[in-house]
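Here is a friendly walk through one protein model, with a look at its inner spaces and a few residues in its loops. Keep the viewer open as you read.

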Amino acid sequence: MHKLASLVAGLLHLASQPALAAGDPIDLVTNFPPLLIRDAPTEGAHPLGGPAMRFVRLANEGLAETGHTIVYNMTGAVPDSDAAFVRTFPGDLSGFATVYDAVAAGSEDGGADIGIGISNQNGLSFGELHVAALPFGLEADEFAAYLYDGGGLALQQSLYDRHFDDRLKVLPIAITPTQGGGWFPGALPDPESNPDLTPQSAMAALCRRPWIVRWPEPGAGIWARACKDAGVATGAIGAKTRCAHPDRDCPTADNPITSEVDRLTFGGFVPGIPPHVFIRTRNIDAYELNLPSTEVHMIRLATGQANLTAASAELKSVIGPAPYYYGQTWHQPVTYLELLINKRFWASLDPPVRWAIRTAAESATLRSWTSSLSRQGAGIDRLEKDGAIVLRWPEGLLSRLRDAADSYLTEKAANLAEEGDPDYRTVLEHMRTFQAAQARYGDFGDLNQGRAGLQSAPSRP
């Protein structure tokens, strides 16, 4: 009976939306600024707002003959760099928990008609799996295949239909390639270069280091599980950092240490504030963020150098405290951005408008991947110029983390299912099934890995 009532309500909802009048703008809303700073890509420097801006520009090219234009709106204040292209959303969305909820409501009910989100902000447990694309799992090309041709997008849509009362349509607009694997103040223990270490003892040694590490889920949980399996309990302080004021030097007389740590501790994860600020002030010790080229731009922003070019900016004040830069991003192989469309609004659009939006979404997904990929070699070179020591994660540590990932994710899925949330397990098993089906080809086609000769430990003088 509930399903029938929901279906009827959804049909009435679709029928109530008036058509878009000729020449009307389409207000898109998101939380992310493009950051159109100097020397950044044309779509902007922000790892989420930039690809979103790319979609808007591609969509508006396709919409030109329809008389409509998508307008980029932010939920908060617009940075000066973006003022000519972005505006603060004219409505009041404070009553909605997320952009997802606002778009599901639609403009007629005080929300928005379209938006851009990242799925770990959708309020649903499985969102973190879409953002991370399964730790030790699907890389960008595999994840794109999973979404478009492996049933991943259809499954996501079905889950959104249930959770948002069949009012929210989702389309991919960006899949970015493998990120950096983290910045650290010292080299990671490596059994290959130290015969006294085993994978187990190397993991234990890493977990005993008194570092505050900014790391997202599910990566943080997997890492904590690997430490537990090695006999070391890690700490967690949430959004807290070493001192009470993370943006000020730590420690000082007026900013004393408030979080004493004697082992690996996860903390300092404050969405919206780049970790480079916390590293520079010594409030955290290690972190991960995004792609190498994005690191360059975000360091410039964190140090007030947005008006300088990437070549002329000084990056050492951020790189210096944590210069060991590791690749092989086991915890988040991709980043996935999605376009959210209110279904009654979508149904009201003329076919050419729907076609332009859908085509732009697919084009933006491809271009976000290829454009990002093309910039990363130069990004690594630029970071290395200012002191980054570029390495790969030691295989001994990866073997322990890989084992921990499997058990941690399976246990988390089971616990959520027992609490009445089976969706995490549904998505996890669906991704794993696709991954397993492609595993032999992944090895079969993997000819060129290792050609850069990246080492897992610094070269000895």
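How many cavities of 30 Å³ or more does the structure hold? The answer is one. Please keep in mind throughout that this is a predicted model.

**The cavity and a pocket**

The largest cavity has a volume of about 140 Å³. Its lining is made up of 19 residues, and those nearest the centre are His-46, Pro-51, Thr-294, Ser-372 and Arg-375. Two or more lining residues come from each of α2 (49–63), α10 and α13 (351–385). Of these elements, α13 provides the largest share, with four residues. Sorted by class, the lining of this cavity has 11 polar, five nonpolar and three charged residues.

Next, the second largest pocket, which holds about 850 Å³ of space. Here 32 residues form the lining, and His-46, Leu-48, Arg-214, Pro-271 and Gly-272 are nearest the centre. If you select His-46, you are looking at a residue listed nearest the centre of the largest cavity and also nearest the centre of the second largest pocket. Both α4 (127–132) and α10 supply at least two residues to the lining of the second largest pocket. The top contributor is α4, with three residues. By class, the lining of the second largest pocket has 18 nonpolar, 10 polar and four charged residues.

Where does Ser-312 lie? Ser-312 is in the loop between α10 (292–302) and α11 (316–319). The side chain of Ser-312 makes a polar contact with the side chain of Thr-309, at 2.9 Å.

Thr-178 is found in another loop, the one between β5 (168–176) and β6 (183–184). With a relative accessible area of 31%, Thr-178 is partly exposed too. Which residues does Thr-178 touch, leaving aside those up to four places away in sequence? They are Glu-139, Leu-291, Thr-329 and Pro-333. The C-alpha atom of Thr-178 is separated by 24 Å from that of Lys-316, and these two residues are 138 apart along the chain.

**Backbone details**

| Site | Feature | Angle |
|---|---|---|
| Glu-217 to Pro-218 | cis peptide bond | omega near 0 degrees |
| Cys-250 to Pro-251 | cis peptide bond | omega near -5 degrees |
| Asp-165 | positive phi, not glycine | near 55 degrees |
| Gln-328 | positive phi, not glycine | about 55 degrees |

Pro-218 is in the loop between β7 (212–214) and α8 (219–229), while Pro-251 is in the loop between β8 (235–238) and β9 (265–267). Asp-165 has its place in the loop between α6 (152–163) and β5. Gln-328 lies in the loop between β11 (324–326) and β12 (335–342).

Conventions: Residues are numbered from 1 along each chain as its sequence is written. This is a predicted model: local features need pLDDT of at least 70, side-chain atom pairs count only at pLDDT 80 or more; totals for chains, interfaces and linings use all residues. Side-chain values use heavy atoms; hydrogens and water are left out. A polar contact is a pair of N or O atoms within 3.5 Å; within protein, one must be able to donate a hydrogen and the other to accept it, and residues adjacent in sequence count only if both atoms are side-chain atoms. On a 1 Å grid over the protein atoms alone, a cavity is a set of points where a 1.4 Å probe fits but cannot get out, and a pocket is an open set with protein on both sides within 12 Å along at least five of seven lines; lining residues have an atom within 4 Å of a point. Grid points are joined across faces, edges and corners, and a volume is the space filled by probe spheres set on the points. Ala, Val, Leu, Ile, Met, Phe, Trp, Tyr, Cys and Pro count as nonpolar, Asp, Glu, Lys and Arg as charged, and the others, Gly among them, as polar. Buried means under 20% relative accessible area, exposed over 50%, partly exposed in between (1.4 Å probe, protein chains only). Contact means heavy atoms within 4.5 Å.
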